[in-house]
Amino acid sequence: MAVTIRIKGLDDLRTALARAGPQAPAALAGALKSQAETIMTTAKRRTPVGGGPYSPNDPHPGQLRGSGTVLHPRVSGSSVSVTLGFGGAAKDYALRQHEHTEYRHHVGRSKYLESAMIDAAPTLASALARRVTRLFPPV
């Protein structure tokens with residue numbers, strides 16, 4: 001399956017980061033963490049909760065949703081990344097629930113994290129640009 005995403009706002013993000021100068025990586029790290037938390041909130045709303053035939057083998061209903069985590073940003077030179085995901089004690093269950101699109105759920109769905117990221121992708125650069133611009137407004 002191929003996914004095509006058109007990203008809007010890259011020029012605005014480049015401009016905002018240029019205004020931030022040497023503080024750009026730190027500014028982008030904060031903005032990226034904030035956006036990742038927004039994506040995680042969406043993903044948690046989509047995460048399956050329950051058991052029985054609709055969400056098989058859920059040993060602790062709600063544990064998967066509660067395992068959603070956004071790690072602190074990682075800055076290496078001008079490269080900035082943030083990791084978000086589900087798992088912990090529920091990692092095996094998380095993988096099954098995410099990948100098995102044939103499962104039907106009363107609450108939630110498969111591809112809960114992937115779909116949240118795909119939905120956020122087109123406007124991510126614009127959102128990051130707005131956050132960085134708040135810190136480094138045009139003069």
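**Entry 1: histidine 98.** I began with the neighbours of histidine 98: leaving aside residues within four places in sequence, it is in contact with Ser110, Lys111, Tyr112, Leu113 and Glu114. I count a contact when heavy atoms lie within 4.5 Å. Histidine 98 lies in helix H4, and with a relative accessible area of 11% it is buried. For the record, buried means under 20% relative accessible area, exposed over 50%, and partly exposed in between, with a 1.4 Å probe and protein chains only. Helices (H or I, at least four residues) and strands (E, at least two) are DSSP runs, numbered from the N terminus.

**Entry 2: ground rules.** I am working on a predicted model, where local features need pLDDT of at least 70 and side-chain atom pairs count only at pLDDT 80 or more, while totals for chains, interfaces and linings use all residues. Residues are numbered from 1 along each chain as its sequence is written, and side-chain values use heavy atoms, with hydrogens and water left out.

**Entry 3: confidence.** I looked up pLDDT, the predictor's confidence in each residue, from 0 to 100. The protein chain averages 86, and 90% of the residues score at least 70. Among its elements, H2 has the highest mean pLDDT (95) and H4 the lowest (81).

**Entry 4: lysine 111 and glutamate 99.** Beyond four places in sequence, lysine 111 touches Gln97, His98, Glu99 and Thr101. I also noted its backbone: lysine 111 has a positive phi of about 55 degrees although it is not a glycine.

Entry 5: I listed the buried residues of H4 as Tyr93, Ala94, Gln97 and His98. They sit on the same side of H4, because they cover an arc of only 125 degrees around the axis; the arc is that of the directions from the helix axis to the C-beta atoms. On the other side of H4, Lys91, Asp92 and Leu95 are exposed. The cover over the buried residues of H4 includes helix H3 (63-66) and H5.

Entry 6: Leu13, Ala16, Leu17 and Ala20 are the buried residues I noted in H1. Seen down the axis of H1, the buried residues fall within an arc of 95 degrees, so they line one face of the helix. I reminded myself that an α-helix has 3.6 residues a turn, so residues three or four places apart point the same way. Asp11, Arg14 and Ala18 are exposed on the other side of H1. H2 and H5 are among what covers the buried residues of H1. Just after H1, glycine 21 takes a positive phi of about 60 degrees.

**Entry 7: the aromatic pair.** How many aromatic pairs does the structure hold? I found one. The ring centres of phenylalanine 86 and tyrosine 112 are 5.0 Å apart and the planes stand at 90 degrees, so the pair is edge-to-face. My cut-offs: rings of Phe, Tyr and Trp (its six-membered ring) pair if their centres lie within 6.5 Å, and planes under 30 degrees apart count as stacked, over 60 as edge-to-face and the rest as tilted. The pair links distant parts of the chain, 26 residues apart: phenylalanine 86 is in the loop between strand S4 (84-85) and helix H4 (91-99), tyrosine 112 in helix H5 (residues 112-135). Phenylalanine 86 is buried at 18% relative accessible area, and tyrosine 112 is buried at 1%.

**Entry 8: the core.** The largest nonpolar core has 32 residues, of which Leu13, Leu64, Leu84, Phe86 and Val132 touch the most other members. Such a core is a set of buried Ala, Val, Leu, Ile, Met, Phe, Trp, Tyr and Cys residues joined through side-chain atoms within 4.5 Å. H2 gives the largest share, 10 residues.
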